[in-house]
Amino acid sequence: MHNINNNNQIPQNDTLVPGTSVSSGTNASVGAVMVVGGGIGGIQASLDLVEMGYRVYLVDSGPSIGGVMGQLDKTFPTNDCSMCILSPKLVEVGSSENIELFTLSDVVGVEGEEGDFTVELRVRPRFVDPEKCTGCGICTEQCRVKVKDPYDADLKRTPLIRVPFPQAVPGVAFIDPTRCLYLLKGKCGECKEVCLADAVDFEQKERTDTLRVGSIVMAPGYRPFDARIKAEYGYGVYDNVVTSLEFERILAANGPTGGHVLRRSDGGPVRKLAFIQCVGSRDTSVGNSYCSSVCCMYATKQSLIAREHQRDIEPSIFFIDMRSYGKGFEEYYRKASREQGVRYVRCLASYAKELRPSGNILIGYTDEDGNAVEEEFDLVVLSVGIEPDAAGLAGVLGVALGEHGFVATDEFLTVKTSRPGVYACGVVEGPKDIPDTVVQASASADMASAGLGAARGELIVHVEHPPEREVVGEEPRIGAVICRCGTNIGGVVDVPAVVEYARTLPNVVFADERLYACSQDTQEWIRDIVREHGLNRLMVASCTPRTHQPLFRDTMRSAGLNKYLFEMANIREHCSWVHMNLPDEATGKSKHLVKMAVGKAALLEPLQEGVSPVTPRALVIGGGGAGMTAALRLGDAGFTTYLVEKELELGGNMRHIFRTVEGGDVGAYLEELVGKVSSHGNIELFLDSTVDVVDGYVGKFHTTLSTPGGPVEVDHGVVVVATGGVEYEPKEGEYFFGRDERVITQAELERRIHQDPGSLAGVRDVVMIQCVGSRNDENPYCSKICCTVAVKNALALKRLNPDAGVHICYRDVRTYGFAEDRYLEARERGVGFIRFDEDEPPEVKHSFGDLLLKVADRNVRGEEVSLGCDLVVLSTGVAANPDAAELGPKLKVPLSADGFFLEAHVKLRPVDFATDGVFVAGLAHYPKTIGESLTQACAAAARAESVLCKENVVTEGVVAWVDEEVCSGCRQCVRLCSYEAIDFDEERGVAVVNSALCKGCGACTAACTSGANTLLGFKQDQIYAQIEAACNPL
Amino acid sequence: MAIKDRARDIIGKEVDGVLAFRPEGGSHVPHLFNADDIDQMAGEYPAGERYPVSSIVRRLQAARPGVRLAVVVRGCDERALIELEKQGQVDMEHLVLLGLACDGELAGTCGCAQPYPSEVVQGEKVEGGLDLGMVEKLEGLPPGERLDYWLSRFAACVKCFGCRNVCPLCYCKECALDEPGLVDHGEQPPLLPVFHLIRAVDMAGRCVDCGLCEEACPIGIPLRTLYRKVGEVVESHFEYRPGRSPDKKSPLSVLGTEEDVT
Amino acid sequence: MSRKPENNNGKDEVKILAFLCNWCSYAGADLAGVSRLQYPPNVVDIRVMCSGTISPYHVLKAFQMGIDGVLIAGCHIGDCHYIKGNYMTYKRFQVIRDVLEFIGIGEDRLRLEWVSAAEGEKFAEVIREFTGQVEQAGASPLRTRWEENPANRERIRKAFKPLLP
Ligand code: SF4
Ligand code: SF4
Ligand code: FES
């Protein structure tokens, strides 16, 4: 996204294309990056940076990371559970040695410059020592003062001392000091008394930390529009008018109503549900002319989820234009409106009134026929827009803001701010959804690390462990540790009895209890008992392995044991906490769980994390803007990059674009890009060439290219797919296309505007037709950019000839984000907008040699409009590159139904494929703007770099393994792997798992009837032992 | 005699050997004929004599990859070969099928869905019809009685492994029935009912309803009834019929699409 | 906990084994715990990486060993951490449930549920409901039925050796 009109705020003096010009590699640069903001953007940037070899200081002003995504129930368009996909990332951040978390912290000062900044942080007191706190929550039960819980959008009250939400990272408590009786009056202090870990510390004071970093990534997120400003909707006055974020919490299974859709006034059920769109967006009266880009989709999602919860809910969405422009969005919207009972009402809702005594809300609006209508609803959701919350941070960091108050960024590389060394990702830079945020996060990691090359790895911590003791052949000697977790477990479960019981189990040579198994001194103690008792397996019965297994596995390593010789029994979340009133049963169940864990532990084997060497070279397929950018980024980072372009010339689709919507000079940018790529010492160009055969896997690909000089073989560690898209070709005769030369495409118009304006001199009336080849049964997806392009070219025509009559026939104007401003401008300049229905497309006719366009204008009750025109411009969509169908199977990566490449996860892995080591960028992925494409290319480069910068690909120990003696070659497992991790060795007739690709899901093992294929760490005999222990009496 | 004639025509030319039957001691045994002894090949195929020819083909091809064989197949044999090919166990390209339609009497007692192969060289095609009579009868019983029925049948098992050994679709080098974590070694009768259910679930998407297992069982455990039920389950949920859905792979051996699971 | 079918308001005390996938259902169960949602203690669980790891053999083994009910829980379709692992879970489940039903080990003893990481309440509810359902069905006939018939006792004693003290 871009929001600068005159680019003088961005340093572009000598160069447009960043990278090679950065005076990188000065030894003074610091190998650490500060990331400000712990939402999904900041998290992704941090994880990428660590993978790329930089230490990260992740700063969040709140008590936990997670951001807004942590509050969402589901995500569109897949309805993925937000927390399910986010929490593994939270855990990853929490357990990374190379990410230092600063919560309750704000950046207050910055000095220095790119490569070496000194940042001053103000760290507010938490009043709980995070080293001691185990997150057990006993304090929370004691606290008598309750405040509104921001995690639940203030819909519920919560004690002052608490862990912010169950999956919070750090998972420790904090005290909200605003109303604490002890802090204010010196009274109470009960939390301190009950805390068995002695973690509460009222003496903590605010402190200032000073950190040196090489670059800074801003990812502070946004502020929702304050709906009270739109007084006509009565938010804050009527109970049954809520904001979309509040409604998200209402829908959430872990929210204030447990996921039941209830009214706020009386807790009654909801049947008629309304969404009012564009509250605080596209609204100059509140100062926000831009489009918030996500509300149409989340309203659709919330409607669907509400109906999923309760079948009889009837959602209505009051909207202006339906902006379902992203990947999979249009299909989602079509399905919602056609099959899933969501009603879409095109109008601007004028007001909402509360009815008494029912508390129902009356919405007044003007329907499509121009009638004033009032309609009654049980609950009204305001789809509030996204507002910038960047001024403070931007001020401190010294970066410029754009006209809407979001951070101003470069048009082509949308994460680059006005200050070198400071990058922005996510909503701070302009409204956007999660995948776009994640793309920018990876891109900003790429840019933030670019100048720090020499310092790569310098500040990364590698923990040295003693050598692993050989245990194979030894009898199992299991140590059993039972945790009391303060009173969390000990208060319900008879822990001594469990310890006694554990001692009787086979192979257990030592058993004892601990107050907190996860405390630092327990880790020391574990190392002692391992030594003293010659333990070779460890079983800890405490809390959930999902958060604590990494800790104990580390302890295993530091005790000189293989970390996979560890097993956990969850006697807290799965026992003491859910059977609080049944101490006997809980004790019995704990024994059972311990017995099962011990049974498995006895059969555990040491597992090796595989290493396979990385060829530090990249293959980039496609020499358009995205491909060149990716190659340049990788080349600049020092990796030899093979860039393959099937045509004779670089540039791809970018050659046919002249200006961005904001006026940026695409040609000049392209020229510089081509120049840099062509002369780059690390980039080897293959023009007029294609990819023939691809062998190998992440870190170790071997590819044969067909080039004009014959086949060339290259070795490389990663692949970036940037094969672009193609312009949809109108069907012969579609609107006279190809038969009448006055019917042209938008691309041709753009060419004429910039290369042959003379040819347009006599053109007085121009009509543009949108959605040609998009949003229909044949191509259901929306091509995303055509509306913006049409507006851009309409404005250009108007500039050439202010008297020209320009009309755009559209279905929905999808100028999302700041492009909305150009839409407004076009309307101000007299461009006419005519809306048609899918079933009633405009008709182009010949009348005495003249072109005549007829269309029913839905904006004026379907009145027939006839326009004579000199030029009809078809906004043809972007179609998938037909080459993709051939390339996909070669790379073992999938395509979606519309022929674009399908990424690993639409939300959180937008540039990765499920197949490791292969990445995607640009139009190959989906239609998008130049800025979005090039930014995605940087993101792909970052992801690729995180593979290339390592000597080896280290693979999980938990992988499938095929016993070749036993395999009968049925090939089932080969087909069942989503990651193409199993190859079939035709010669030996056996399946072979490539542990570098295997993710350890075990889908294959369950299919292997001969038992040849087993998942290490979850071997059949281990699971059988658990089953046996579960079923047999104690 | 049509099969024998055809076999004579192609032996030594299109194929290196013909897997067919040789009369011996008043009955027939499978034999691999070559050009020299092809005359001894049986011309007629009595209803009562069936062999797991697909398993023999599998072994022959494994021993001599690329060998060109012709084989006399009934409907069930062909179905087994089709499934085996999907599982990479036989090579149909080097195989010539000499189709034999089962006669009316055999088809009637067998009760399989298709008592003839896709191309019939010898015999009169009679339409079959899957006999689910026993399945339906059992389904009519209350669950408790069904369990009694099955447990009492399974309890008679002498653990001869005949069912597995004769099954054309059983080719694993190590069998779950020998897995000590599942089935106690040396336990007689085997652990009830896991022994028989292991086979039942493994037959899902595989069993071609040839009936050899039931024929092989010395006790007469109604295995075919059990596996026919399994076949019906697979067909009803996934529209897959082992051996008769040539262009599809077993749904349990492919990931499939979201539509398959919603 | 005693394995004897004890009287519990006239109902058998039942035991349930739950297989939970690491990423969603186990997390959902964790959330039920964190939220202190109470449910019957009859269930013990086994964590697997993906519900697609669970083979029919595991289910058979559990019933063989005398379990009264088996729950398989994974991510919702589309949410599987490993993309399509749960497709296989779903398909395998269809088969094993119907086979068990046919054998007479009622289908009410085997359940498949999709539980997300945010569905702590759903997890608790599933356990409550399923426990109730299994209690309704009573102790597994594989550990009771033939024991009632003295003639079969010896044989069963052998066959069910692992169940008996
Ligand atoms: S465990 Fe999963 S990722 Fe690994 S080989 Fe098997 S199916 Fe593929
Ligand atoms: S499923 Fe088992 S037998 Fe079949 S190919 Fe895979 S490992 Fe071999
Ligand atoms: S990871 Fe949960 S079902 Fe696959």
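Leaving aside neighbours within four places in sequence, which residues is Arg58(B) in contact with?

**Entry 1: Arg58(B)**

I looked this up in a predicted model, where local features need pLDDT of at least 70, side-chain atom pairs count only at pLDDT 80 or more, and totals for chains, interfaces and linings use all residues. Residues are numbered from 1 along each chain as its sequence is written, chains are lettered from A and ligands numbered from 1 in the order in which they are written, and side-chain values use heavy atoms, without hydrogens and water.

With those neighbours left aside, I found Arg58(B) in contact with Leu84(B), Gln89(B), Val90(B), Cys170(B) and Tyr171(B). Contact means heavy atoms within 4.5 Å. I placed Arg58(B) in helix H2 (residues 53-63) of chain B. Helices (H or I, at least four residues) and strands (E, at least two) are DSSP runs, numbered from the N terminus. Arg58(B) counts as buried because its relative accessibility is 12%; buried means under 20% relative accessible area, exposed over 50%, and partly exposed in between (1.4 Å probe, protein chains only). I also looked up Pro193(B), which is 135 residues from Arg58(B) along the chain, and the two C-alpha atoms are separated by 30 Å.

**Entry 2: the domains of chain B**

I noted domain 1 (2-110) and domain 2 (133-238) in the domain assignment of chain B; such bounds come from an automatic or database domain assignment. The centres of domain 1 and domain 2 of chain B, taken over C-alpha atoms, are 27 Å apart. Between them, 14 residues of domain 1 of chain B are in contact with 16 residues of domain 2 of chain B.

**Entry 3: the nonpolar cores**

Which members of the largest nonpolar core touch the most other members? I found Met539(A), Val18(B), Met41(B) and Leu17(C), out of 308 residues. A nonpolar core is a set of buried Ala, Val, Leu, Ile, Met, Phe, Trp, Tyr and Cys residues joined through side-chain atoms within 4.5 Å. Helix H22 (residues 930-948) of chain A gives the most to this core, with 11 residues. The core also draws at least three residues from each of domain 1 and domain 2 of chain B. Apart from this core lies another of 57 residues, among them Phe76(A) and Tyr365(A).

**Entry 4: strand E39(A)**

I checked strand E39 (residues 765-772) of chain A and found seven of its eight residues buried. E39(A) pairs in the parallel sense with strand E40 (residues 805-810) of chain A over five bridges; two strands pair if DSSP finds at least two bridges between them. Val766(A) stands opposite Val806(A) in E40(A). From E39(A) the chain crosses through helix H19 (residues 786-800) of chain A to E40(A), in a right-handed β-α-β crossover. Right-handed means that, with the strands pointing away from the viewer, the path from the first strand over the helix to the second runs clockwise. E39(A) also pairs in the parallel sense with strand E45 (residues 871-876) of chain A, over five bridges. There, Met768(A) has Val873(A) as its bridge partner.

**Entry 5: chain C**

How many helices and strands does the secondary structure of chain C come to? I noted six helices and six strands. From the N terminus on, the elements run β-β-β-α-β-α-β-α-β-α-α-α. Of the 165 residues of chain C, 70% count as buried.
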